[in-house]
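This report concerns the salt bridges of a protein model. Please consult the sequence and the 3D structure below while reading.

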Amino acid sequence: MNCAFYQKYELGEMDERDFTLHLPACSECQNLVAQDTKILALAKNLRQPVAAPLLWAKIENSLRAEQQRRRRLRWLNFQERSWAIWRIAAVLLVAAGLGAYFLFKPQPNESRLLAGAALEQVEKKEREYAAAIAELERTALPQMAKLDIELMLLYRDRLETIEAQIVRCKETLATNPGNAHIRRYLLAALQDKKETLRELLQLAG
Amino acid sequence: MGRRMLGRQEDAEDAVQTTFLKLCRGLSQFQFGAKFSTYLFRIMMNVCFDMLQKRGGKKFELSGMEVSYSPRVDLRMQLEEAINTLPERMRACFVLFAVEEIKQNEIAGILNLSVGTVKAQIFHAKARLRALLLDSHSEVTS
């Protein structure tokens, strides 16, 4: 190829007008133009719609799958967000619960005061009960001599056992006065003593 | 265009499918001042280049062509094969220009090249095709 005009024209280095003026005089450029025109015409004919019957169905399917994937991702994001919200809510709830507990927790002084007042009442009642039983004992014990020796020994043993129970309960209550369990034992022992003394009085009387 | 670029019908269909998926995903990024066809071709060309890169330059025989003994059809097949031998970017420029009849400045937009480069690529493509078809068909040369 000796003539460079066609190349210059094709690469935009030469005006179309100049090339048009040059073309009638150059057979080489005429030949190249003719060949390229044919190639381009032939290439234009290559553009044929290719029958691909399943292509659109495939595209449709993949677009639908993509849509579903996006929806799933959105749902997962939502779930993740809602989990985060639940976690935050749980933390807040726990914090609020702890706050409320510490805020409304009964003060140790108040608790001791209440326990002390109740204890005082119980102790007062116990003292009164014990005093009444002691009064009964004072009346009943002289009557014991009227009983048979066996019966007398039996009642004396029984009263001694009850008394030992009462002493043990009182010892424990001296170190732990708030123990309601021991107080119940003590009450039961006192009741037992009262009943025994009454029986004794009945038998002697 | 996918078939011209990739050579195989199945690959071309995959490319079209991927193009639509990418279009669907990236539609929000489309600037409405731009031409939609340019945007679509750009995605398609990128998909084709990606597939060619994955394929590692391996070329396939053109398939799905009807077999005919007519000299005109034979010439078309020769041209198809000749186009398939062109380097990727040159082939893209030529196919977009000659087959899809897209203007050179649009091709430059699609392939992210300068107009000068596109012109040069098309010129060299035509020169190569001329040379490839020269021996086999006097119809082109005469």
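## Salt bridges within and between chains

A:Glu10, A:Asp36, B:Lys126 and B:Arg130 form a linked network of salt bridges. The model is a predicted one, and over all chains it holds 16 salt bridges.

| Salt bridge | Distance, N to O |
|---|---|
| A:Asp36 and B:Lys126 | 3.9 Å |
| A:Arg183 and A:Glu126 | 2.6 Å |
| A:Lys193 and A:Glu137 | 3.2 Å |

**The pair between chains.** The side chains of A:Asp36 and B:Lys126 are joined by a salt bridge. This pair crosses from helix 3 of chain A (residues 27-46), which holds A:Asp36, to helix 7 of chain B (residues 115-136), which holds B:Lys126. Both A:Asp36 and B:Lys126 are buried.

**The pairs within chain A.** A salt bridge also joins the side chains of A:Arg183 and A:Glu126. A:Arg183 belongs to helix 7 of chain A (residues 180-204) and A:Glu126 to helix 5 of chain A (residues 108-140), so their contact ties together parts that lie 57 residues apart in sequence. A:Arg183 has a relative accessible area of 10% and is therefore buried, the cut-off being under 20%. A:Glu126, with a relative accessible area of 16%, is likewise buried.

The side chains of A:Lys193 and A:Glu137 meet in a further salt bridge. Here A:Lys193 in helix 7 of chain A is linked to A:Glu137 in helix 5 of chain A, and the two residues are 56 residues apart. A:Lys193 is buried, at a relative accessible area of 7%.

Note on methods: Residues numbered from 1 in each chain as written. Chains lettered and ligands numbered in written order. Predicted model: local features only at pLDDT ≥ 70, side-chain atom pairs only at ≥ 80, totals over all residues. Heavy atoms only, no water. Salt bridge = Lys/Arg side-chain N within 4 Å of Asp/Glu carboxyl O. Helix = DSSP H or I, 4+ residues; strand = E, 2+ residues; numbered from the N terminus. Buried < 20%, exposed > 50% of the residue type's maximum accessible area, 1.4 Å probe, protein only.
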